[in-house]
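Please keep the view open while going through the points.

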Amino acid sequence: MYDNGKVYMGLAGEQRVYLPLSMGNRHGLIAGASGTGKTITMKGMAESFADAGVPVFLCDVKGDVAGICAPGEQSEGMEKRIDKFGVRGSFEYRGYSTAFWDIYQQGGHAVRATVSDMGPEILAQLLELTPAQEGILHITFQIADDKGLKLIDLKDLRALLNYVSEHRGEYMMTYGNITPQSVASIVRALLPLEQQGGDLFFGEPDLDVHDWMRTDEDGRGIINMLDCTKLVQNPKLYAGFMLWLMSELFETLPEEGDLSKPKLVFFFDEAHLLFADAPKILVQKIEQMVKLIRSKAVGIYFVTQSPADIPDTVLAQLSNRVQHALRAYTPAELKAVRVAAQSFRENPEFRAEDVIMELGVGEALTSFLDESGVPTIVQRTAIICPQSLMRAPEQLVRMKMMMRDGMEKYDDFVDNESAYEILAAQDSERAEAIRTAAERAEHEKAEAAAAKEREKQEAAELKRQQKLEDEERRRAQKLEDEQRRKAERAEAEALKKEEKRKEKEEERARKEVERRKAKIESQLISAGGQLLKRGLLNTLKKL
């Protein structure tokens, strides 16, 4: 509970145990075996921060943390605890203003980020790329910047990678060597991330982290609940989300120094899932975050079963500790208990190593920074109970809360013009140009074929006409020859007739001459004179 500038954590005997609100950004750890009360502690702290006007972010791994949006249920046990902790007048069964979020968009508003926000360094580590492949990814992002191509979702990145591979000859002298094999490997590495939900995480509208830093109308911090029931089963996407979140917080939030209360507090439940087989860069980012983000007035609390689940470099930054019971049945578990006990400032009244294994449900060893920033001695503390529901809420309650939280702007996916659309349009233009050129070539080919056919037909027609003319000339020549021969025959016949006529006339003339000669001879004979006969003969000769 929130109590006059402090988080009331519980009772150590008759003494109240507090976490000063001003120390809330010094980070913390809530650890303990399953069923020892870690979730109760986390919810109680989250409620207290919210009551103080501090926005809270919670990872709901099992689904029960979401009950913080609904009032708790009255019971005999709860009433006894209210009296035990001395909060009868101030305790109220109540739900808290909650904004539900879900990368898979089933149990809350969508959480999205753009590929550009993720950046090539983080994405390369997330995809476990080789140095050569990471270099090509950097080249791809640089080409996107130079060409003004937005990388929003995975289809943008895939389209640009294919584009870079296809045009590698144009870019090699400017950006460096680009091999199709490395590009193919990057595209292949995107598949597991996409199958785990990357196609839902990468996109627009991308989340503005300032929307996680709101208060309700009563001035209480709004609790942002990320549904992780499915997310933790997909480690690549979970790591990708965390890497993006770390980067966004560093880039977005200004330096604040020490404030009277944090601006935002994160609780990562089941933190061992976060660090198990996590990429090295994720651990480095979280280590960097817990070291530096304190100055941005952000507090981070890890909730897990054992302190050993947290890397030592991160664990060293967690100043506020709540250690619930640990069970030790093996040497390794005994060692974990010993390590957990040694992390506390010693209390001379008891031995922490022994108490850790004796703690009951709802009890914990606690040590928080005092207002001067000095760790308090470890105390055996009965943890105060939350005011909200300690189980999953009804679905209707969740839906009503989502309808009233003002975050519906993230519900609808917006597919703005980006690299994929621009490159697709260019491909379409190229395809259209190729199609147009092909059609033009086909048209020209058809025209050429038609022209050739026309020439062929014209040649055939010309040949036919020539043949007809030749035939006509032959017929005319034949007719002319026939007419000529006929004329020649007629002329020959006429000539022959003329010759016959002349022969006949000559014959008649000869006969006439002979007849005349005979007549003259007859006359001469009858005249009877030789002289006359000669004279007549001479005369005849002259004739």
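Is Ser-116 buried, partly exposed or exposed?

1. Ser-116 is partly exposed, because its relative accessible area is 41%, where buried means under 20% relative accessible area, exposed means over 50%, and partly exposed lies in between, with a 1.4 Å probe and protein chains only. The residue sits in helix H3, which covers residues 115-126; helices (H or I, at least four residues) and strands (E, at least two) are DSSP runs, numbered from the N terminus. Although Ser-116 and Leu-151 are 35 residues apart in sequence, their C-alpha atoms are 5.4 Å apart in space. Once neighbours within four places in sequence are left aside, Ser-116 is in contact with Phe-141 and Leu-151, contact meaning heavy atoms within 4.5 Å.

2. Before going further, please note that this is a predicted model, in which local features need pLDDT of at least 70 and side-chain atom pairs count only at pLDDT 80 or more, while totals for chains, interfaces and linings use all residues. Residues are numbered from 1 along each chain as its sequence is written, and side-chain values use heavy atoms, with hydrogens and water left out.

3. Strand E9, residues 298-304, has 7 of its 7 residues buried, so the strand is largely enclosed by the rest of the structure. Val-298, Ile-300, Phe-302 and Thr-304 point one way from E9, whereas Gly-299, Tyr-301 and Val-303 point the other way, and all are buried. E9 pairs in the parallel sense with strand E4 (residues 28-31) over 4 bridges, where two strands pair if DSSP finds at least two bridges between them. Within that pairing, Ala-31 stands opposite Thr-304. E9 also runs parallel to strand E8 (residues 264-268), to which 5 bridges join it, and here Phe-266 stands opposite Ile-300.

4. Strand E2, residues 6-12, is mostly covered, with 6 of its 7 residues buried. Its pairing with strand E1 (residues 2-3) is antiparallel over 2 bridges, with Tyr-2 opposite Val-7, and its pairing with strand E3 (residues 15-20) is antiparallel over 6 bridges. E2 also pairs with strand E12 (residues 379-383), in the antiparallel sense over 2 bridges.

5. How do helices H4 and H5 cross, and at roughly what angle? The axes of H4 (residues 131-147) and H5 (residues 154-166) come within 10 Å and cross at roughly 95°, the axes being lines fitted to C-alpha atoms, for helices over the stretch in contact, with angles running from 0 to 180 degrees between N-to-C directions. That makes H4 roughly perpendicular to H5, given that angles of 65 to 115 degrees count as roughly perpendicular, under 35 as roughly parallel, over 145 as roughly antiparallel and the rest as oblique. Among the residues of H4 that meet H5 are Leu-137 and Phe-141, and Leu-157 and Tyr-163 are among those on the H5 side.

6. In helix H14, residues 395-404, the buried residues are Arg-398, Met-401 and Met-402. Seen down the axis of H14, these buried residues fall within an arc of 100°, so they line one face of the helix, the arc being that of the directions from the helix axis to the C-beta atoms. On the other side of H14, Leu-396, Met-403 and Arg-404 are exposed. What covers the buried residues of H14 includes strands E6 (98-101) and E7 (223-227).

7. Glu-204 and Pro-205 are joined by a cis peptide bond, with omega about 0°, and Pro-205 lies in the loop between helix H7 (180-201) and E7. Glu-270 has a positive phi of about 50° although it is not a glycine, and it is found in the loop between E8 and helix H9 (271-275); with a relative accessible area of 13%, Glu-270 is buried.
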